[in-house]
Amino acid sequence: CLLLALIGCQRDEEMEIGQVSVSNERLEASYSSVAISCTFQTNVTIKNVKAYLSTTEEFSSATSYSLTEKAKNTFGANIEGVKDASTYYVRYEISNRWSSKVVDYVSEFKTLPYQAPIVVITKTKDISHNSAVIEGEVVTNGSIVLTECGVVYSTVQKPTIKDSKIIVGNEKGSFTCYLTDLQDATTYYARAYATNANGTVYGEEMTFTT
């Protein structure tokens, strides 16, 4: 009777994992990350969960990520570093203190394509011997919030942010730049630019002569 009582009182973390089902799974992907959340129905209290992400159905290139418990047997995480415009396959491994098991369940998600910001110079005006006005536009911010945008200019072609630049802000929309202290009778090259966490992009080059 004592043996039967001990068996009946066995804690679930000391039991092997039996059948497992997945419910309430959410896979919300951007171009570079995916938020994962799901609930597992099983006969034990789960202690750890790993999500395996792979770009192949055979999981030959799988990378594992630890999920955090949000509620009893519900786990999730925000995973960074996935490739844009790609299909990923997901499966899970759950464990308690006694055993672990790869769940017989595979899902998939697609990441969004990365979109770079688009910037253009729309007009040059009021050109004098030592100044000029340039109007431009941030047509779209792209996939990431901008850190800055404006106009770069130089007396050599294809100016970059390492040359002279005027910062006008970090938002979508039209802007105006006032260039001063220019050299007289000189040809200048200018480009609109926009910078985000992925780097800097430039619009088409234009020229003007003081």
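Author: S37 stands opposite G76 in strand 5, a strand being a DSSP run of E of at least two residues, numbered from the N terminus. Strand 2 and strand 5 run antiparallel and are joined by 7 bridges; two strands count as paired if DSSP finds at least two bridges between them. The model is predicted, so that local features need pLDDT of at least 70 and side-chain atom pairs count only at pLDDT 80 or more, whereas totals for chains, interfaces and linings use all residues. Residues are numbered from 1 along each chain as its sequence is written, and side-chain values use heavy atoms, with hydrogens and water left out.

Strand 5 also pairs with strand 4 (residues 63–71), in the antiparallel sense and over 3 bridges. Within this pairing, E69 has F75 of strand 5 as its bridge partner. Strand 4 and strand 5 form a hairpin with 2 residues between them, and N73 in the turn has a positive phi of about 60 degrees. In general, strands of a sheet pair through backbone hydrogen bonds, either parallel or antiparallel.

As to burial, strand 5 is mostly covered, with 5 of its 7 residues buried. Buried here means under 20% relative accessible area, exposed over 50%, and partly exposed in between, with a 1.4 Å probe and protein chains only.

The largest nonpolar core has 22 residues, of which I36, F40, V49, L53, L67 and Y92 touch the most other members. Such a core is a set of buried Ala, Val, Leu, Ile, Met, Phe, Trp, Tyr and Cys residues joined through side-chain atoms within 4.5 Å. Two or more residues of this core come from each of strand 2 (33–41), strand 3 (48–54), strand 5 and strand 6. A second, separate core of 20 residues includes I134, V138, C149 and A194.

V49 shows the surroundings in detail. Apart from neighbours within four places in sequence, V49 is in contact (heavy atoms within 4.5 Å) with F40, Y65, S66, L67, F75, Y92, E93 and I94. Rings of Phe, Tyr and Trp (its six-membered ring) pair if their centres lie within 6.5 Å; planes under 30 degrees apart count as stacked, over 60 as edge-to-face and the rest as tilted. By this rule there are 6 aromatic pairs. The rings of Y31 and Y114 have centres 5.1 Å apart and planes at 50 degrees, so this pair is tilted. Because Y31 lies in the loop between strand 1 (21–29) and strand 2, and Y114 in the loop between strand 8 (107–110) and strand 9, the pair ties together parts that are 83 residues apart in sequence. Y31 counts as buried at 16% relative accessibility, while Y114 is partly exposed, with a relative accessible area of 26%.

S86 is buried, with a relative accessible area of 16%. A polar atom of the S86 side chain lies 3.0 Å from the backbone oxygen of D84. Leaving aside neighbours within four places in sequence, S86 is in contact with F109, K110 and T111.

Definitions and conventions: Polar contact = N/O pair within 3.5 Å; in protein donor to acceptor, adjacent residues only side chain to side chain. Helix = DSSP H or I, 4+ residues; strand = E, 2+ residues; numbered from the N terminus.
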